[in-house]
Amino acid sequence: MIIANQNLPQFTPILLGSDINAYGFARSFYEITHQPVEAYAEVPLAATRYSKIINMNFYKGFTADPVFIETMRSVAQKYAHQSQPLVLLAMGDGYAELIAKHREELAQTFICPGVDYALLRRLNNKESFYQVCDQYHLPHPKTKIITRDMYEKKTDLTVPFEFPVVLKPANSVEWLQIDFKGRKKAFTLHAQADYENIVAQIYDHGYQSDLILQEFIPGDDSHMRVLNAYVDQHHHVKMMCLGHPLLEDPTPQSIGNYVAILPEYNQKVYDQLQKFLEDIEYTGFANFDMKFDDRDQEFKLFEINLRPGRSSFYVTLNGYNLAQLVVDDYVTQTLDNQDTVYGNKNKAQHQLWLGVTNGVFKKYALENRYKEDALELLRQDRVGTTLLYKGDLGLRRWLLVNYLYYQYRGRFKQYFEENKGQYIKSEAKE
């Protein structure tokens, strides 16, 4: 537990979002200040319900203009007579884009750690992100772009890679507005007919942007890595924390969301991504997803999220409080003089982060040496979650959070074999 610093200057954090990410960040701030955090969102979500550490404010249509900017103008008026800093942080891709779009106006009232709109558009779109990766010599999966025009004209829809292949939207913000039966964050496809069918469903249901078709990087969930970084207002990387996911949510709409992360240290990865972030003059939080490719022993980048990841509380859990970085950077102005922190060097301090029950993790995570390391942390009670917080467990919240974790049993029972089981079987044969 981090004790609140009584000498800390007064400031007001404001979060945009109501999901698990918002709750994790509210918890990070609460462990510094012991004060509840203000948050704004369009709809209530279970992760932040019945909480005493986050005050939620809801506005219908808040995820788009004009409601967003009109609401933020009202929020600015609310704090017009307050002299203490107002720190505005996006907890999702859509909010990050809206802040960047209106940065010039919002920055008159709020501190807005993050990149400008032009850089956000380059990095947020997976198609242009891979072009940036090529420019900076960052490995990524072999990729082909599929456009709506190609689908409508039925031209150049060939698959240049061996099956299975991965298909995903280039525009993650637009994808949030698309819905159809079987919709996923990313599709792993095993035959030409499956590929053609999914492309048709995506475009027939209104998606306009490009699709990313990629080679499938072999390996189960434990081949994934996630890295959270913070880059200060002077474009200097000040914290990097690598995580080793061991299990993902198998639910179709949530595939890619990690539910078990083991801390990991890799200076080569840190150095590579630090150089990249500083070369492009990044600012704020960055969240990278990558997968280790056994074929060439390289980590292949999938994407960068221009905000903290939904499982980013694993960073705070392991001793690198994410909220403290923002405070040191913009409130106390002390971060620039601090050395860069490369997380997880000391294994004696490692904590396992779980987003599911211990039982679900033990049953479904692939049997390997990484799982053994995680089980040892469990035996030593060096484990934590985002939502089960002792400082915020009134009866209604305790019941709700435990129900959420209970639901994962059904999700894994229903979807794991279909969406993840083939990787477990292929690993077992080797």
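Author: Helices (H or I, at least four residues) and strands (E, at least two) are DSSP runs, numbered from the N terminus. The model is predicted, so local features need pLDDT of at least 70 and side-chain atom pairs count only at pLDDT 80 or more, while totals for chains, interfaces and linings use all residues. Residues are numbered from 1 along each chain as its sequence is written, and side-chain values use heavy atoms, with hydrogens and water left out.

Reader: Where does Leu 393 lie?

Author: Leu 393 belongs to the loop between strand S16 (383–384) and helix H15 (395–419).

Reader: Why is Leu 393 called partly exposed?

Author: Buried means under 20% relative accessible area and exposed means over 50%, with partly exposed in between (1.4 Å probe, protein chains only). Leu 393 has a relative accessible area of 31%, and is therefore partly exposed.

Reader: Which residues form a nonpolar patch with Leu 393, and what makes a patch?

Author: The patch consists of Leu 388, Leu 393, Leu 395, Trp 398 and Leu 399, with about 460 Å² of accessible area together. Patches are made of residues with over 30% relative accessible area and no salt bridge; like charges are joined within 9 Å, and nonpolar side chains (Val, Leu, Ile, Met, Phe, Trp, Tyr) within 5 Å. A salt bridge is a side-chain nitrogen of Lys or Arg within 4 Å of a carboxyl oxygen of Asp or Glu. Accessible areas come from the Shrake-Rupley method with a 1.4 Å probe, and for residues only the protein chains shown count as cover.

Reader: How do you know that S2 and S3 pair?

Author: Two strands pair if DSSP finds at least two bridges between them. Five bridges join strand S2 (residues 37–41) to S3, and therefore the two count as paired, in the parallel sense. Ala 39 stands opposite Met 56 in S3. The open sheet has the order S3-S2-S1-S4.

Reader: What makes S3 and S4 edge strands?

Author: Strand S3 (54–58) and strand S4 (86–90) each pair on one side only.

Reader: What makes S5 and S8 a pair?

Author: Four bridges link S5 and strand S8 (residues 211–215) in the antiparallel sense, and Ile 145 stands opposite Ile 212 in S8. Their open sheet runs S5-S8-S6-S7.

Reader: Which strands does helix H6 touch?

Author: Helix H6 (residues 126–135) is in contact (heavy atoms within 4.5 Å) with S5, strand S6 (165–169) and S8. Its direction makes about 50° with that of S8; axes are lines fitted to C-alpha atoms, for helices over the stretch in contact, and angles run from 0 to 180 degrees between N-to-C directions.
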